[in-house]
Amino acid sequence: MTSAQKFYWQVLTLGNIASFILLYTIGGWFPGFLVFFTLIYSIVGAYDLTLSKHTLNRLYPVLAYFRYFFESIRTEVQQYFIANNTEEMPFNREQRDLVYRRAKSVTDTIPFGTQRDLMQTNYQSIWHSLAPKTIKDESKHVTVGGLQCLKPYKASRLNISAMSYGSLSAEAIEAMNLGASAGGFYHNTGEGGVSPYHLKHGGDLVWQIGTGLFGCRNENGRFNPTMFAKTAQLAQVKMIEIKLSQGAKPGHGGVLPKAKITDEIALIRGVSKEEDCVSPAINPECNSPFELLAFVSQLRELSGGKPIGIKLCVGNPAEFLCLGKAMLESDIYLDFITVDGAEGGTGAAPVEFSNRLGMTCLEGTYFVHQALVGLGLRKQIRVISAGKTASGFDMLNKVAFGADIVNAARTFMMSLGCIQSRQCDTNMCPTGVATQDKNRSKAIDIAVKGKRVTSFHHHTLNSFFELMGSMGLEDVSQLTYNMIKRRTPNGMLESNTHTVPELKESQLTQESITGMWLTWWDQASSDTFYVNDIAPLVPPELAVKQIF
């Protein structure tokens, strides 16, 4: 018998007898409270000992509930009382405070110096110049659209990444689009389709076509050209993005818990509200590189020539080169590629998929950039990098590794008031951002929050441009990944290095490649996406050198 069980039997017998005696002899509120307490304790304990399915309740009747309570508030206690400013994940207190301050347009400075350990291994920094510059205005935007695009789009360097209506509330979607409209940047719809809330305020949209084809699917789940054309030709829809995979759960379809599926969402997506909405792992129209490019060509024609691109989290590099070979052979080209990092966020993902699959944002961005250079396609295909972006340096890092444009999702949620409570999959978001509970989401003031979205975008972008200027650069194209420095384990600074070497223009097509690039290129086939991952990957610093 455990100590908790012994205590329960004491309360059941001695406690009840003593409390009733006190109530009978003395009277008053206190003996009455004791009677009430011992009776409730006895009833709950009896249930725990005889009927509960939980081992803890049977062994520790009544007292086990204290554990459940403290476990339920563990995240909040950790966040508010234990964690310091720089140690939380995925976004620490310093990053969240920066977002909140910039969203509110209040001071974003820090007093008394940095709280970071500048000698920490892998700590990243940049070198400033004694001749700082101002970024040219023409370098502050990027035109997306290759030679086959009839309606190129001039995009901001920072935009709202894919977040669906369903994952986010209608009020959150409205506020984000309002902010995008006022700030002159685009808003990615996410795979849930274009909803009335995306269209209400006129902000530029990137329509994401996910593996579930929501918004352009037949009853059997296949592509519906008529439905697609009707939405794609809206003036507000500027680009179309085909989602192949997502950084937070690559190799797994999107998941919208049934608790968040309303009648309206079920109608927009064309799904049932009686079960979780789980998209297939692969787009049914894109089973091979050639099928994908044929789909790209079809969407480009149906949309009237708007930019068409893909979104993916990079896995096996040889499989991306399969797509590269197919583009060269078919003469059908993408207009942009969005690279999602494995550190990316989502409303709901299996733990193993979120923790263990895919390249990080910087790794994937660097690889895609180099692959496009080697294919001779970099000048006509834009690279969009989507990962954790809370500051101007986060933007600079991604652009240095090869991105033209940066997308951010969770930090724009924070600009709306998200507090990183991590309740996105429960429909119980405490700030009304990631829920379909109207009692919660109605608390969002769309006009006020829209201004905060615009403000966060404006200040973060300005920080990015100021950092570049401090390096003596006046054009974003001058930034290279070698300019980012990192601290080595022995305390020295070195320029960023990468396992995969740089490529020269069209080098992959000129049979002058060696090492990993040669292995991946030989493995790649334009007929299929699958390549068996058998090539060993060895970091340069571990390469064994022969000594003579």
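## Helix 6 against helix 18

In this predicted model, Val99, Arg102, Ala103 and Lys104 of helix 6 are in contact (heavy atoms within 4.5 Å) with Arg452, Ser455, Phe456, His459, Thr460 and Ser463 of helix 18. By class, this contact of helix 6 with helix 18 comprises three nonpolar, four polar and three charged residues, where Ala, Val, Leu, Ile, Met, Phe, Trp, Tyr, Cys and Pro count as nonpolar, Asp, Glu, Lys and Arg as charged, and the others, Gly among them, as polar. Helices here are DSSP runs of H or I with at least four residues, strands are runs of E with at least two, and both are numbered from the N terminus.

## Helix 14 against helix 19

The axes of helix 14 (residues 361–375) and helix 19 (residues 515–523) come within 13 Å and cross at roughly 75°, so that helix 14 and helix 19 are also roughly perpendicular to each other. Phe367, Gln370, Ala371 and Leu375 in helix 14 meet Trp517, Trp520 and Trp521 in helix 19. The residues of this contact of helix 14 with helix 19 divide into six nonpolar, one polar and no charged.

Three strands form an open sheet in the order 1-14-15, with antiparallel pairing; two strands pair if DSSP finds at least two bridges between them. Strand 1 (124–126) and strand 15 (493–495) stand at the edges with a single partner strand each, so one side of each has no neighbour in the sheet. From one strand to the next, the twist averages 40°.

Strand 1 pairs with strand 14 (residues 484–487) in the antiparallel sense over three bridges, and isoleucine 126 stands opposite isoleucine 484 in strand 14.

## Domains and basis of the values

An automatic or database domain assignment divides the protein into domain 1 (3–79) and domain 2 (143–156 + 163–168 + 181–408 + 474–495). The centres of domain 1 and domain 2, taken over C-alpha atoms, are separated by 54 Å.

Residues are numbered from 1 along each chain as its sequence is written, and side-chain values use heavy atoms, with hydrogens and water left out. As the model is predicted, local features need pLDDT of at least 70 and side-chain atom pairs count only at pLDDT 80 or more, whereas totals for chains, interfaces and linings use all residues.

Methods:
Axes fitted to C-alpha atoms, helices over the stretch in contact; angles between N-to-C directions. Parallel < 35°, antiparallel > 145°, perpendicular 65-115°, else oblique.
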